[in-house]
Structures are given as C-alpha cells and as structure tokens.
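Have a look at the model first, then read on.

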Amino acid sequence: MKTYNNPKREEWNQLALRPSINQQELDELVSSIIKNVKLNGDQALIDYALQFDRVALNELYVSEKEIEDAKNEVSNELKSAIQLAYANISTFHQSQQIDEPIIETVKGVNCWRKPVGIEKVGLYIPGGSAPLFSTILMLGIPAQIAGCKELVLCTPPGKNGKINPAILYAADLVGVTKIYKTGGAQAIAAMAVGTDTIPQVYKIFGPGNQYVTKAKELVQQMGVAIDMPAGPSEVLVVADQTCNPEFVAADLLSQAEHGPDSQVVLLSDNESTIKACQLAVERQVALLPRKDTALKALTNSTAITFQNIKECIAFSNQYAPEHLIIASENASQYVNDITNAGSVFLGNYSCESAGDYASGTNHTLPTNGFAKNYSGVSLDSFVKKITFQELSAEGIEKIGEAIEIMAEAEGLDAHKNAVTLRLNKIRNGRN
Ligand SMILES: NC(=O)c1ccc[n+]([C@@H]2O[C@H](COP(=O)([O-])OP(=O)(O)OC[C@H]3O[C@@H](n4cnc5c(N)ncnc54)[C@H](O)[C@@H]3O)[C@@H](O)[C@H]2O)c1
Ligand SMILES: N[C@H](CO)Cc1c[nH]c[nH+]1
Ligand SMILES: [Zn+2]
C-alpha cells in the first residue's frame, strides 16, 4: 500500500489513481468481439468460451433438467442463507415502490407518471474468478418487483462446462426466464444484438470485469440501455482512533480479494491508526485462500493521513468510491458531508460484506469515480416511468392561449392549430 502523510490539496487527484488499463487496446478488443458476435452469433460465443474460459461447449442454453439437478446440489444451509438475503433485499426494494400522486397543475389539467417494468432485461452475472450468485438476488429481485416479463441471464461456464448450482438455484428463485453459458464482452454483445438462441433485450444490468464494463459502454451506441459502469470493486475506509483495526483490515481485504484490479483506500486523521490497520492487513492477508489476488490489489492501494476526518471525507468525495466505510463510533456526524459514494457503511459493525449479501441494499454499484453521477441499481433501474395527462375542456381553455402564443413564436402552426380547433369547438358550443 502506498502511504502518504498530509498531502497538499493540489496533489489529491494524483493519489489513489485507479489501476490504469490501455483504453485503446481494450476498445479495439471489445469492439472486435461485439462485431464477431453480431456476425457469427452463437458460434462466436462457443468459440470465445473455448478461447477465454477454456471450455468446449455444445450448447449455450441451460436446460430445465440442469436447473432441477442444481437444486439438489445446494446445501440446505446455503439455501437458508440465500432465503434470508432474498427476504431482506425484497423488503428494501419493495419499499422503493412509490405511487406518485395525480397532480392537477391547473383546474382541468391532470398529469401523472406510471412506472412500468422494462419488458426484456439482460442480467450479467460475473463468474470469472468467483460465481457471484449473490448478484442474481441484487438484479433479479428488483426485476421481479418491477414486473419485468423476460429475465435473460448470462454467466461464464465453469471449467466443467456447467454453471455453479447456487447460481441456478438463485436464478430459479427470482424467476429468471432463460439462462445461458456465456460470459465476458461476448455475453453483453449477445444480449444487445440477439443470436439464434439468446434473445435481444432492452436493457443490460450487472457488474463485471474490464471487458464486460467496456462492452456495456459500447453497446449503448447500438440502442440498448445499461444500468451503469459497475467494474472492479473498490472500498474506501475512513478510520479514526475509535475504529477496530482488525475490522478495518478485514473490510479492506474483502474488496481486495475480488480481483487484482480491485482498489482499496484507507484514510485517517492519525498515523497510528493507519499503522495499526496496515499491520492487521499484513497479518490477515497471509491467511486468505485468495492471498495472491488480494496482494496484487494491495499494490494498487493507498493509505493517507489527513489533518482531520472532515478532510478525509472531502478526499473521499473527490475519489467517489463504490463503497465508503466510516469506521468510527462517531460515524453519523459525517453523513451530511458525504456527497459522492455508491453505498455508505456507518460505524464499526457495518461491514461492507453486509451490503454485498444480506442487509437489503443493492451491491451493484458505480465504480471508477462514476459514483459522482450514477446511483447503484434499485427498483427504479428496472422501470421506465410513463407520463400521462388528461385535460378537460376547462383545462385546455385555461392553458390554450399560452400554448397558441408559444407555438406561433416557434413557427409551428400545426401545434397552434391543434389547440385553436378545440378552443373554437368549446366557444361555439357555448353560443
Ligand atoms: N461494481 C459492482 O457492483 C461489482 C459487483 C460485483 C463484482 N464486481 C466486479 O466484477 C468483476 C468480476 O470479474 P471476473 O473476471 O471475476 O468475472 P466476469 O464474469 O466479469 O469476467 C469473466 C469473463 O471475462 C472474459 N475474459 C477473461 N479474460 C479475457 C481476455 N483476456 N480477453 C477478453 N475477455 C476475457 C471471459 O469471457 C470470462 O468469461 C470483479 O472485478 C469484481 O470486483 C463489481
Ligand atoms: N463487493 C461486490 C461489489 O463490488 C459484490 C459482491 C458479491 N459477492 C461478494 N461481493
Ligand atoms: Zn464483495
């Protein structure tokens, strides 16, 4: 971990730089994958499974039988844990259903919005380095509540050519309609353009590695919507003397173990807290099965001592982390200072893993600084809101003249006429 002490404000944007990738090379590779999928469809997906996942597939579609068999392979203990997470995530996302009122802007002019589920959605579930079945709950539950009709799921096949049984169990639980064994940029391309077996969808959701994230960015130009850029995981921890260094270390490592391109950042108002947390990281990382991945991620990572906690929060706002943990007994006093973060964890007992799995909030969150302008996935992500309006004769009479004047000023006579005809009818009816 690179360590800094009281850096000048002008230096802030040079610290904690996210791991850099050659954007041009990535762009070219992912563009060529999308082009190939558009041209060769399923065959391209099968070829990429061999090239990138080292697995020979005959079939992309996951059959009913495979799903049924998987249910028996998941232990009762894991099923119960998934059920608990399902209940909490459902409760939190159901609470986001808000019926907006009908607003009478002027007497006789009623306007309202109705949320309608996006009919066909594509859910990408990462599977490269770990089978993230928890992501199915995060995407499938709001899709289910929103009333989306077709839930298409793509995830990379495991080395044995199969999908992890917990993924299939969770997919069944949230009512996924079709599951396919394909991952990476090619899966995103397939859902964007459609192939012989994979249906084209209207919006693509889900996190993934740099290839997945780039593909989501590029397919937007083809008319498909995406949730947000949700790439390699990150956490920024602000810790003061009231933190528990062992907890802080565990939280930092929980994101470092996701991938070598994950980034973790530690900030404090005193050097001794930084040192205590770093020592705890060294102790804990040695014991992790994914030690090598975490150690690589730690080379991208930074620890900084600032003058005070307010300054730490100001730095965090500039960095805009996916996850922000305030490891302090006084965490709540900083809430109003936070302006940029995907999801915030307050106090020593609010570990980031809680949000990853089971507290109820969504773990699909903006990374790479995009927390400055994007929210994480929520129920809203799965609906579009259609506006309605209904005007009575009294309503059009009240606002008609203003519309006629504005339409004339824009030189749009047909617009004006649509009002004039109605106003004339109302006035003639009165004579
Ligand atoms: N931001 C969020 O909300 C969030 C949530 C969960 C996970 N994540 C992140 O998602 C990521 C998951 O990544 P992952 O790799 O484990 O799984 P993944 O499913 O995103 O990617 C695996 C796929 O990448 C493709 N691939 C691998 N090497 C390639 C290469 N050299 N060229 C082209 N394509 C290649 C393969 O097709 C493979 O199937 C992690 O970085 C994790 O931190 C983010
Ligand atoms: N921390 C990840 C989001 O960055 C989500 C996740 C899934 N499983 C474990 N963690
Ligand atoms: Zn995680």
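## Ligand 2

A word on the classes used here: Ala, Val, Leu, Ile, Met, Phe, Trp, Tyr, Cys and Pro count as nonpolar, Asp, Glu, Lys and Arg as charged, and the others, Gly among them, as polar. Keep in mind, too, that this is a predicted model.

Which residues sit around ligand 2? They are L132, S134, T135, S233, E322, D356 and H363. By class, that shell splits into 1 nonpolar, 4 polar and 2 charged residues. Domain 1 (2–19 + 232–360) and domain 2 (23–101 + 118–228) each put in at least three residues.

## Ligand 1

Ligand 1 has 30 residues surrounding it, and the closest are G128, G183, G184, P207 and G208. Sorted by class, the shell holds 12 nonpolar, 16 polar and 2 charged residues.

## Helix 3 against helix 5

The axes of helix 3 (residues 76–94) and helix 5 (residues 165–173) come within 11 Å, crossing at roughly 40 degrees. Angles from 65 to 115 degrees would be roughly perpendicular and those under 35 roughly parallel, so this pair counts as oblique. The crossing of helix 3 and helix 5 is right-handed.

On the helix 3 side, the contact uses L78, K79, I82 and Y86, while helix 5 brings A166, Y169, A170 and L173. These contact residues come out as 7 nonpolar, no polar and 1 charged.

Notes:
Residues numbered from 1 in each chain as written. Chains lettered and ligands numbered in written order. Predicted model: local features only at pLDDT ≥ 70, side-chain atom pairs only at ≥ 80, totals over all residues. Near = placed C-beta within 6 Å. Domains from an automatic or database assignment. Axes fitted to C-alpha atoms, helices over the stretch in contact; angles between N-to-C directions. Helix = DSSP H or I, 4+ residues; strand = E, 2+ residues; numbered from the N terminus. Parallel < 35°, antiparallel > 145°, perpendicular 65-115°, else oblique. Left-handed = near helix turned anticlockwise from the far one by under 90°. Contact = placed C-beta atoms within 7 Å.
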